[in-house]
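Subject: Structure for you to look at

Dear colleague,

Here is the structure I said I would pass on. Please open it alongside this note; my findings follow below.

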Amino acid sequence: MSQPSDVLVAAQRLIAILRKVNKLASDVLPEDIEKIVKRHAKIAIGTAFIPIGGLDVVAATANIWTMYISINKALGLNFSDNVMKSIGSAIVSNIIQNLGIMAVIAALKWNPLSWPVSVAILTTSLYALTMVSGWVYLTALANLSQYDDDITLSVKSVLKRKSDISKIFNNHKK
């Protein structure tokens with residue numbers, strides 16, 4: 001039997017915490033949250049086919065914002081859209097900066113001969129980026145109480161876990 005995904009484990013932990021403090025608005029299951037993250041990861045694959053370098057990453061980032069909003073709705077959590085955009089941008093830019101490959105790949109799209117190669121690399125990279133972004137967000141939500149319910153501080157704390165982020169990214173890039 002295979003092990004549960006990192007996203008599923010993070011969702012299980014988060015839902016268990018929310019149930020303990022009676023903050024869960026519905027009968028949502030960890031698998032429901034994992035499905036949201038995986039659905040958005042599949043959407044991210046499609047953004048790799050946007051022919052203009054850089055616009056693909058913008059579309060993937062917007063997809064991650066909407067993923068966070070979908071997670072919040074499923075869990076009955078309320079954060080403003082501006083907070084979600086800020087968090088989504090911070091997570092994506094931090095992960096991209098740490099992995100350092102997206103800008104190079106996006107630049108390859110400007111050359112028609114290298115476009116197919118860049119799309120092939122981007123499809124797996126954007127899928128993995130979205131899965132990691134889901135994990136970071138779920139983990140940050142689970143750790144909120146340690147940061148006086150400040151989601152931004154909680155996200156910054158999770159982003160310091162660079163080896164975990166790299167491992168999860170590489171696991172989903174296969």
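Aspartate 164 is partly exposed, at 25% relative accessibility. The term sits between two cut-offs: buried is under 20% relative accessible area, exposed is over 50%, and partly exposed lies in between (1.4 Å probe, protein chains only). Aspartate 164 has a partner: its side chain meets that of arginine 161 in a salt bridge, at 2.9 Å, N to O. Arginine 161 is partly exposed too, with a relative accessible area of 34%.

Before the rest, the ground rules. This is a predicted model, where local features need pLDDT of at least 70 and side-chain atom pairs count only at pLDDT 80 or more, while totals for chains, interfaces and linings use all residues. Residues are numbered from 1 along each chain as its sequence is written, and side-chain values use heavy atoms, with hydrogens and water left out.

Salt bridges

How many salt bridges does a search of the whole structure find? It finds 2. The criterion is a side-chain nitrogen of Lys or Arg within 4 Å of a carboxyl oxygen of Asp or Glu. Side chains of opposite charge can pair when their charged atoms come close. Besides the bridge between arginine 161 and aspartate 164, there is one between glutamate 34 and lysine 38, at 3.5 Å, N to O. Both of these residues lie in helix α2. They are 4 residues apart, about one turn of the helix. Is glutamate 34 buried or exposed? Glutamate 34 is buried, with a relative accessible area of 11%. Lysine 38 is partly exposed, at 31%.

Overall fold

The secondary structure comes to 8 helices and 0 strands. Along the sequence, the pattern reads α-α-α-α-α-α-α-α. Helices (H or I, at least four residues) and strands (E, at least two) are DSSP runs, numbered from the N terminus. The chain has 174 residues, and 45% of them count as buried.

Helix packing

Axes are lines fitted to C-alpha atoms, for helices over the stretch in contact, and angles run from 0 to 180 degrees between N-to-C directions.

Start with α1 (residues 6-20) and α2 (residues 30-47). Their axes come within 8 Å and cross at roughly 135 degrees. That makes α1 oblique to α2. On the cut-offs: angles under 35 degrees count as roughly parallel, over 145 as roughly antiparallel, 65 to 115 as roughly perpendicular, and the rest as oblique. The crossing of α1 and α2 is right-handed. For handedness, a crossing is left-handed if the near helix is turned anticlockwise from the far one by less than a right angle, and right-handed if clockwise.

Next, α2 and α3 (residues 55-75). They pack at an angle of about 165 degrees, with their axes 9 Å apart. That makes α2 roughly antiparallel to α3. The crossing of α2 and α3 is right-handed.

Then α6 and α7 (residues 151-159). The angle is about 125 degrees, and the axes are 8 Å apart. α6 and α7 are therefore oblique to each other. Again, α6 passes α7 in a right-handed crossing.

Two positions in α6

Valine 132 lies in helix α6. It is buried, with a relative accessible area of 0%. Valine 132 and asparagine 170 are 38 residues apart in sequence, and 9.6 Å apart in space, C-alpha to C-alpha.

Threonine 124 is also found in helix α6. At 28% relative accessibility, threonine 124 counts as partly exposed. Its C-alpha atom is separated by 9.1 Å from that of alanine 44, 80 residues apart along the chain.

The surface patch

Which residues make the nonpolar surface patch? Ile52, Leu55, Val58 and Trp110 make it, and the patch is about 420 Å². Patches are made of residues with over 30% relative accessible area and no salt bridge: like charges are joined within 9 Å, nonpolar side chains (Val, Leu, Ile, Met, Phe, Trp, Tyr) within 5 Å. Accessible areas come from the Shrake-Rupley method with a 1.4 Å probe; for residues, only the protein chains shown count as cover.

Tryptophan 110 is in the loop between α5 (102-108) and α6 (115-142). It is exposed, with a relative accessible area of 60%. Tryptophan 110 and isoleucine 52 are 58 residues apart in sequence and 7.0 Å apart in space, C-alpha to C-alpha.

Best wishes
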